Amino acid sequence: MRDAVGSFVGWPSDLIFPDAETPTRPTHKVGKGISRRIESVASQKEVPGRKLKSAAKDIPTTSGTKSQIMMRLEKMVDESDIMHGAIRSIDFDEGVFGAAHFEIIAKEDMQQLFEHDELGMAVIHTYIWYTYVTLMRGTELCNRFNFIAASRINATLITKNPTSVKNDLVDRFMAAGDNTTPSLYFLPFNSGNGGHWVLVAMDLSRLIVYYLDWLSGDWSKYPIMKKTVDAAIIKFRSKKNYRNRKDITWVRVQCPQQNNSVDCGFFVLRFMRDIVALNRIDIPKMYFEEYKSYSRAHLDEMKDELCQFIVDQRII
């Protein structure tokens, strides 16, 4: 038998069985549209940054082409009932947005990913969930970085009811507990009606708000957003009996710039990913030396990470 090791042995095809652990879409259905809780599978004891590197290690990516994992997921979607109007309802870990949150995934959301189209809130939120599970959960990074759901704070909602949005933002600050040590709150902000994405990162302890926009201009383009954020920070500090020892400082970060009309959502996600991975609370005004610009390959890498996460979580 020892001499046979490494040799080829023919085997009848009818005796070959697929691996039972290969991820496939569930065969059970829970009502029209399929709604189920998705359990997280990432280890809760990972060292920050370790799983991020391994998540995409075996994913070959060539800029402008679809990777193997993306084509695999696209095939799964094509063969699923999502193509006929079904949806997936996914429950996130409460730690992602500081409260219970569920997301609806439909055909158009997957197509945004496959076709490199403008991203909607569902994809934005799902990648944030991936970042939380892969980099943060069970580590001290949960005390340094927090996410705010774009569905709760955006231009459309502020225009309709600014007081309610302000109070929602205060509640998110309160949910994180101690804010006397430096930490960042990430707000992916949408200009409304599927418009432009920018990133607002708030350090409540130092009263600094970082503004990252991959197009020219600053926060003056969104005065109602700035007014709401400032009012929420002041109200939060008042509720916590913190003295407002100085004014809130807004910093326009000279971040990488996009060269088309669809990449803003991808840039928002990449900024959050890199800031968390670098474990940096202070964002340099000229941005990080490691990421002075983003190529299409940087964005394709994120898409592959998300595709792999969706497959691993058996969302489809």
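How many residues of strand 5 are buried? In this predicted model, 7 of its 7 residues are, and strand 5 counts as mostly covered. The cover comes on both faces. Trp197, Leu199, Ala201 and Asp203 are buried on one side. Val198, Val200 and Met202 are buried on the other.

Step back to the whole chain. It holds 10 helices and 7 strands. Of its 316 residues, 47% count as buried. Take the contacts with a separation of 6 or more: residues 24 or more positions apart account for 72% of them.

The pairings can be followed strand by strand. Strand 4 and strand 5 are antiparallel, with 6 bridges between them. Here Tyr185 has Met202 of strand 5 as its bridge partner. Strand 5 and strand 6 are also joined in the antiparallel sense, by 5 bridges. Ala201 has Tyr210 of strand 6 as its bridge partner. These two strands form a hairpin with 4 residues between them. In that turn, Leu207 has a positive phi of about 55 degrees. Strand 6 and strand 7 run parallel, and 4 bridges join them.

Arg270 belongs to helix 9. Arg270 is buried, with a relative accessible area of 2%. Beyond its neighbours up to four places away in sequence, Arg270 touches Tyr291, Tyr294, His298, Glu301 and Met302.

Next, the nonpolar interior. In soluble globular proteins, nonpolar side chains tend to be buried together. The largest nonpolar core here has 67 residues. Leu73, Phe186, Leu212, Ile283 and Tyr287 touch the most other members. Helix 5 (residues 121–136) gives the most to this core, with 11 residues. Leu212 shows what such a position looks like. Neighbours within four places aside, Leu212 contacts Val198, Leu199, Val253, Cys255, Phe271, Ile283 and Tyr287. A second, separate core has 26 residues, including Ile158, Ile233, Phe236 and Trp250.

Helix 8 (residues 223–239) comes next. At 1.5 Å a residue, its 17 residues should span 24 Å; its end C-alpha atoms are 24 Å apart, so the two values agree. Its buried residues are Met225, Thr228, Val229, Asp230, Ala232, Ile233, Phe236 and Arg237. What do these buried residues pack against? Among the helices, they meet helix 6 (155–160) and helix 7 (162–175). Among the strands, they meet strand 4 (184–190), strand 5 (197–203), strand 6 (208–212) and strand 7 (249–252). Just after helix 8, Asn241 takes a positive phi of about 60 degrees.

Helix 4 (residues 107–114) and helix 10 (residues 296–312) form another pair. Their axes come within 10 Å and cross at roughly 140 degrees. That makes helix 4 oblique to helix 10. Met110, Leu113 and Phe114 in helix 4 meet Lys303, Leu306, Cys307 and Ile310 in helix 10.

Most residues other than glycine have a negative phi. His116, in the loop between helix 4 and helix 5, has a positive phi near 50 degrees. His116 is buried, with a relative accessible area of 10%. Tyr287 lies in the loop between helix 9 and helix 10. Its phi is also positive, about 65 degrees, although Tyr287 is not a glycine. Tyr287 is buried too, at 3% relative accessible area.

Note on methods: Residues numbered from 1 in each chain as written. Predicted model: local features only at pLDDT ≥ 70, side-chain atom pairs only at ≥ 80, totals over all residues. Heavy atoms only, no water. Expected span 1.5 Å × (residues − 1). Buried < 20%, exposed > 50% of the residue type's maximum accessible area, 1.4 Å probe, protein only. Contact = heavy atoms within 4.5 Å. Pairing = 2+ DSSP bridges. Core = buried A, V, L, I, M, F, W, Y, C linked by side-chain atoms within 4.5 Å. Axes fitted to C-alpha atoms, helices over the stretch in contact; angles between N-to-C directions. Parallel < 35°, antiparallel > 145°, perpendicular 65-115°, else oblique.
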